[in-house]
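Reader: Please show me how to read a few features of a model, giving the general idea before each case.

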Amino acid sequence: KVFPVRVNGEAVRLGGGLLLTSLQALGVRLPFICWHPDIIDSGGRCRACSVVVDGKMKPACTTYVREGMIIDTKSELVRSLREAAMAVDPKFKSETRLGSAAEILALRPSSKEGTVHPRTRYVIRQPELCNHCNLCVQMCRGVQGVAAIGELRDGGTDAELSATEVKGFHGTPLPQTECVNCGQCINVCPTGALREASALDVVREAMRDPTRPKVIQFAPAVRVALAEEFGKAPGEQSLTREMVAAARLLGDNVHVFDTNFSADLTIIEEANELLERIRRSLTGEKRYGPDDIHEALPQITSCSPGWVTFVEKNFHDLLPNVSSCKSPMQMAGALTKQYWARKHGVDPNDVVSIAVMPCVAKKYEADRPEFSTDGIPHVDAVLTTREYAELLRTHDVDPTALDPTSKLAEFDRPFGIASGAGLIFGATGGVMEAALRTAYEVVTGRPVPFAKLDVQPVRGMQGVKAAAVKLENVSREWKFLEGVEVKVAVAHGLSNARKLCEEIRLANHHGLPPPYHFVEVMCCPGGCLGGGGQPKPTSMDIKKERAKLIYKEDRDLPLRKSHENPAIKELYRDFLHEPMGHASHELLHTTYSA
Ligand code: HC0
């Protein structure tokens, strides 16, 4: 619906809805701080977007368009009112909807306090930068449904907050709350008061030492967002090869691996794990070894560390459903230290394993004891996409200007060879699509029955997606699967994940058959391309642009199925021997017990 109105003296037709977004659609740019397009009920605090409507000052972010409005967005009056609003105490206390209530971040203690590896802090708050816009609280509670942080309206002062940690008025450390380190609060913080704990010092020091091999791996979602840090529009440029070339300019003895390669490896292991679980459910057979793998269905993906923490803290009963596969980041790290280093005669202790990830929780994952061999961690330092961009800037390297055809831009072999299936892990539904491309073909000998291998039902930004694929004319080895309709579901963002978990829990509780065979969950809305470590600003519209880049790159790749990756085949031939075999069990699988 459109409404006739006057904007700055001109008669125009304005789309219905929020005045701020309707004016934006008309090309009128307004400043804003405390409003975010993904967060319902945001805005109205800072008044930076104030306009005059029918003679009265109104924030455009909380005012709705109606017929006949007379709107002034740029007169001297508006400018002076806006300046006055923004000059108020930076915390905007006298102007906020909450009046002068002392709002600080207060933390809700976790129901399983202290049980999940409380270590260091991954999300850091600088109170002096906080403008109390409340977006972080809304994101945590409203979008993620976690509610680890909240407003404290009575008592407490900023002085009680340490300068470098997020703490409650009663001093509760963040690791002992429901926080899963997703970093979504950081993504919406307009002032930089929230940020990830930096690993840049570790990386810089390693780069200064040419004697130590540095192995850098890049997650799927980093390449489709990095250019935004260098002035490109979302979706404008993918930097797959340029980010590799840039890494080689940071120091000597740098080797570059692709997390997409180990995503392909994850698919092989995870698809086999799934088929084994289905086989056991059909035959009634129980597990064959103590905690080797679980028999529970649905199998749920385990590669998103914020999601794994969420299960540990909220759905302990579903831990047997979580895949035993380590994440692709950890598989790459384990292979780096325990296979690649040894093969090259290097002491694993000397290798610095660095991961560039779109994710804040990956920092936490790297610190978990499950992800080490004989006390040697698989991954030593995790940089977010933002930190990697900062590192490049301090080296005066602009990756958008590098030559993607140069030799420097090639990943090292063999861990740089990857399929499009590995790449689409970065988008919600991508792990499921990659798994279906492989599992269906392995079992039937035919490609998955979707046009051009694009498994459309699991793509897109719908919160929960479900699909079913019937297995028919299966090969002899998989006879027990004949006629089975494999049911799958995908959730992204923890509010959506919670809905799926409750559905599965309810079926368990009533002794009903599991509603699905395989479930993909990614902690962050949109999947990893919307990770807490990605460039800011971010919104669902920006994530859609990043997703388009991922799917376009997948479509253009000659190799689009994990099981056809020649480097994966070689790794099984030379080292792992078989999926879910002894070597895989030692290096690539784990269990979570919280
Ligand atoms: Fe992801 Fe991953 S897809 S979690 O989002 O599985 O961070 O991009 O790297 O590990 O591959 C993040 C992204 C990864 C891992 C992969 C998975």
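Predicted model: local features only at pLDDT ≥ 70, side-chain atom pairs only at ≥ 80, totals over all residues.

Reader: Into which domains is the protein divided?

Author: Domain bounds come from an automatic or database domain assignment. Here they give domain 1 (2-88), domain 2 (104-196), domain 3 (200-261 + 328-409) and domain 4 (271-324 + 423-588). The C-alpha centres of domain 1 and domain 3 are 43 Å apart.

Reader: How many helices and strands does the protein have?

Author: Helices (H or I, at least four residues) and strands (E, at least two) are DSSP runs, numbered from the N terminus. The protein has 17 helices and 19 strands.

Reader: In what order do the five strands of the open sheet lie?

Author: Two strands pair if DSSP finds at least two bridges between them. The order is β2-β1-β5-β3-β4, and the pairing is mixed. Strand β1 (residues 2-7) is joined to β2 by six bridges, and the two run antiparallel. Within that pair, Val2 has Gly15 of β2 as its bridge partner.

Reader: Why is strand β10 described as largely enclosed?

Author: A residue is buried if 20 or more other C-beta atoms lie within 10 Å of its own, exposed if 12 or fewer, and partly exposed in between, with C-beta atoms placed from the backbone. Because five of the five residues of β10 (residues 214-218) are buried, the strand is largely enclosed by the rest of the structure. In a regular strand, side chains alternate between the two faces of the sheet. In β10, Lys214, Ile216 and Phe218 point one way, Val215 and Gln217 the other, and all are buried. Five bridges link β10 in parallel to strand β11 (residues 254-258), where Phe257 stands opposite Gln217.

Reader: Which residues of the shell are closest to the ligand?

Author: A residue is near a molecule if its C-beta atom, placed from the backbone, lies within 6 Å of it. Of the 22 residues that surround the ligand, the closest are Ala219, Ala221, Cys303, Cys359 and Cys528. Domain 3 and domain 4 each contribute at least three residues to the shell. Helix α7 (259-283) and helix α9 (328-343) each supply at least two, and α7 gives the most, with three.

Key. Residues numbered from 1 in each chain as written.
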